[in-house]
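Welcome to this short tour. Please open your viewer and get ready to select a few residues along the way.

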Amino acid sequence: MNGTPRALNRVLLFIIGVKLLAVGLLLLLLATVPAVATWWHGWSADMWARAEDAFRQTRFPGREESWLWIVAGVVLVAIIIAMVAWLAQQGKGRANLLVASDDESHVEGEVQIGGGVAEQALRAALADRPDLAGASVASYEVKGQPGLRLRIQPRQGVAPHLLAAEISRLVEALDLVIGKKTPVLVHMASGARAKLTKAERVR
C-alpha cells in the first residue's frame, strides 16, 4: 500500500555501502601498506596533473576561467534535483482524508473524516490487548481510494485466525461509526519481541 520505491532504495543503499566499504579499505591499506601509499601518491599526482591540463585547455577565450566549472555546476544542480525528487517519493501514498461526503442537511457543506481518526481509534482499541506484542495503524490511498493498513505482532501461542476475527469485528464497528466501509489490509508479523514473550492467560 505504500508507494515508497523500496527496490530503488535498496539499490542506492547497496551502491553507497559498497563505495564506503571501498573507501574504508583503501584508507586502511594506505595506513598499513607502504607499497599502496607509494602507488597512491604517484596515481593522485598524475590525476591532478591531468585535471589541471584539462582546465587549461577548456578556458574561455581571453579569460582564466574554464567552462568545466559550468558543467560541474549543472551536474551538481541535477544531483540536487534528483535527491529532492527521491525524497519526495519516500512514504508516498499516505492518505490524510478517509471519508468525504456531502451533508444531507439543509446547511451547505461537506463532511470530512481524517485518516487520523480511524488510526487513533484502532490504535487505542489494540493498545492494551495482552495477546499483542505490538500494533500499528496507518491510512493509505490506493488507486484513488483511501484504506487502512494494520500491522500487528501476535504473541507466541496466540491463534492467528481468532485474532483476525476479533480485528475484523473492530473494523466493522469502525465502519458503523464513520458510516462507510473502508478497505483494510491486516498484516500479521512475527519478530523477536513476539517470540520472546507469551500471551497472558486467564487462570
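Start by selecting Trp39: is this residue buried, partly exposed or exposed? Trp39 is partly exposed, at a relative accessible area of 48%; buried means under 20%, exposed over 50%, and partly exposed in between, with a 1.4 Å probe and protein chains only. The model is predicted, so local features need pLDDT of at least 70 and side-chain atom pairs count only at pLDDT 80 or more, while totals for chains, interfaces and linings use all residues. Residues are numbered from 1 along each chain as its sequence is written, and side-chain values use heavy atoms, with hydrogens and water left out.

Next, look at ring pairs. Rings of Phe, Tyr and Trp (its six-membered ring) pair if their centres lie within 6.5 Å; planes under 30 degrees apart are stacked, over 60 edge-to-face, and the rest tilted. The count by this rule is 4 aromatic pairs. Trp40 is partly exposed, at 28%.

Now select Trp43. Its ring is stacked with that of Trp39, at 6.0 Å between centres and 20 degrees between planes. Show Trp39, Trp40 and Trp43 together, and you have a cluster linked by ring pairs.

Finally, move to Trp67, in the loop between H2 and helix H3 (68-89). Trp67 is partly exposed, with 40% relative accessibility.

Key. Helix = DSSP H or I, 4+ residues; strand = E, 2+ residues; numbered from the N terminus.
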